[in-house]
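Work through the exercises below with the model open beside you. Try each task before reading its solution.

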Amino acid sequence: MLVTDPRVRAAYAEGAGIYRIVPAAVAIPRNTDDVVALVRHAADAHLALIPRGAGSGMPGGNVGSGVIVDLSSGFSGLAVDPESRIVRAGASVTWAAVNAAAKPYGLRLPPDPSSGAFATSGGMVATNAAGARTVRYGSVRRWVEALEIVDADGTVRLVERGAGSGERFTLTPDTRHLISDRFPKTSKNSSGYALDRFAASGDELDLLVGSEGTLGIVTQVHWRLDPIPPDIAGAALGFADLDAMVEAVPYLLSLQPSALELLDASLLQFVPDAPKVACLLLVEFERETGAAARGVVGDAVRGLKESVAHVETAVDRAGLERLWSVRRLASPALARLPAHQRSLQVIEDGCVPLDALGAYIAGLRTAAARHGIPIVMFGHAGDGHIHVNALPDTTADGWPGALHELFDEVTDLLGRLGGVPSGEHGVGRLRAGILARFYGTEVMDLFRAVKRAYDPLSLLNPGVIIPATDWSPVAALKVGVAAAVIPEDIATRLRDVERSAAWATPKLELTR
Ligand SMILES: Cc1cc2nc3c(=O)[nH]c(=O)nc-3n(C[C@H](O)[C@H](O)[C@H](O)COP(=O)(O)OP(=O)(O)OC[C@H]3O[C@@H](n4cnc5c(N)ncnc54)[C@H](O)[C@@H]3O)c2cc1C
């Protein structure tokens, strides 16, 4: 059941993100019975299990020194019920496959991670993934009707929306008060157990969504689907400075966009023929008719005519696709950075209340300049959620130290602004040790109580969400002289996977 071949272990040593940690072994279960047997064996042998989908998660929840459980292939069942608008998808089924199956019925899964081509249903649920359309449709949490999970004791259960809190973990009036007091008020949050959502719904499902493989192993997801809106239109709006962009966001939100995305000049510089502006907002409107969609684009442009420096509009899907291609065009350029300059994700997922968006972006620029690390910024302006890739020169002396200092400074900044360190990617290993700075020790104690209630032996992804005693965020890096040694051909293939976002590649193929 456990593969210990060194080449196979090496192929699972990296995910997206900064880490390279060679696991002790790899397991590739073919069905739920295999997962049950594996969990029972892990309990007997005191093995740590690291559930894993495509490995595209950024903060290191998909790597570790225990046993990697590769769920990316054995759980591919997919059945759409158009009447109830529910699709049952095995944990391995990607967002793209769910949507391809739903489309003939005029249905879709609305949150749209840009990693949808490879992100698995298990991985999306575990991170509470999100996308550009989350500004209107929420994160995936809202669309999970039920989960089939294997508990840490090997029990298989179906946990359904509306079925209540279960017996493992419950809240008292005091802990409810603490949660409402201490949870940051951002529109997105994938930073720890969602006790606020659990308190609001009373549903165990809300503890499991976003639990990053630390409370149970997801084997099947029942996704709720939504009709595909008939019409769509949008615009690209350029601004000469940050303040003008920040002021435009609440106005655009009042028009109920289905996406409101930001591309900062730091990213636009990598896009051939991009407009020469400080920031570009891409706004999309889904409506019941073409006239309504075109009308609201007109409202957006008229309402902002004093503040925009650049306007392009699109009145149909093809036109919108062309406008939005500017987003995709940055990726190949970033992948071609000189070998010594790596795009690293350590401050990549901060989310702040909307009224702090300008202060957050300005603070990021100042912090990056202070530590001498170039950054590129883009993200989900309508949710106050900014992705930041740090591009350190990995031949410079002391660059990991500078990266760590940047991580620390941005953590402080997010805390001061009432933000969270992750809006959609999760805590992983990277952010486990900073959660206390956002929630305080009493909420961290509740997080520990949740973990103990579900996984008393700490078999499932130890070190993720609840920090390991030797937590060290900028260590075990895949880059630099201290990186763990793995066969060179596999290291090269892992780098190719990262550059081309080929996360759907079966990892065993990297060993051949
Ligand atoms: C180019 C790129 C673009 C991205 N864009 C987005 C985006 O737009 N929105 C977004 O939210 N994310 C994005 N991500 C991050 C990533 O794709 C998501 O976090 C995704 O949901 C992870 O899915 P995965 O199958 O790769 O999971 P993995 O990376 O393998 O795992 C992620 C976490 O989920 C846990 N897990 C995985 N499967 C299971 C399971 N079956 N049961 C229990 N736990 C499990 C793992 O233990 C780990 O903690 C992007 C990543 C890349 C590389």
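**Exercise 1.** Decide whether A356 is buried or exposed, and place A356 in the chain.

*Solution.* Step one: take the cut-offs. Buried means under 20% relative accessible area, exposed over 50%, and partly exposed in between (1.4 Å probe, protein chains only). Step two: apply them. A356 has 7% relative accessibility, so A356 counts as buried. Step three: locate the residue. A356 sits in the loop between α12 (317-335) and α13. Helices here are DSSP runs of H or I with at least four residues, strands are runs of E with at least two, and both are numbered from the N terminus. Step four: look across the fold. G418 is 62 residues from A356 in sequence, yet their C-alpha atoms are 8.2 Å apart.

A note on the model: it is predicted, with local features needing pLDDT of at least 70 and side-chain atom pairs counting only at pLDDT 80 or more, while totals for chains, interfaces and linings use all residues. Residues are numbered from 1 along each chain as its sequence is written, and side-chain values use heavy atoms, leaving out hydrogens and water.

**Exercise 2.** List the buried residues of helix α9 and find what covers them.

*Solution.* L242, A244, M245, A248, V249 and L252 are buried. Step two: look for contacts, meaning heavy atoms within 4.5 Å. The cover includes the strands β11 (231-239), β12 (259-264) and β13 (279-287). It also includes α11 (290-303) and α13 (357-370). Step three: inspect the ends. At the start of α9, a side-chain oxygen of D241 comes within 3.2 Å of the backbone nitrogen of D243. After α9 comes Q256, with a positive phi near 55°.

**Exercise 3.** Which element gives the most residues to the shell around the ligand?

*Solution.* The element is α4, with five residues.

Methods
Polar contact = N/O pair within 3.5 Å; in protein donor to acceptor, adjacent residues only side chain to side chain.
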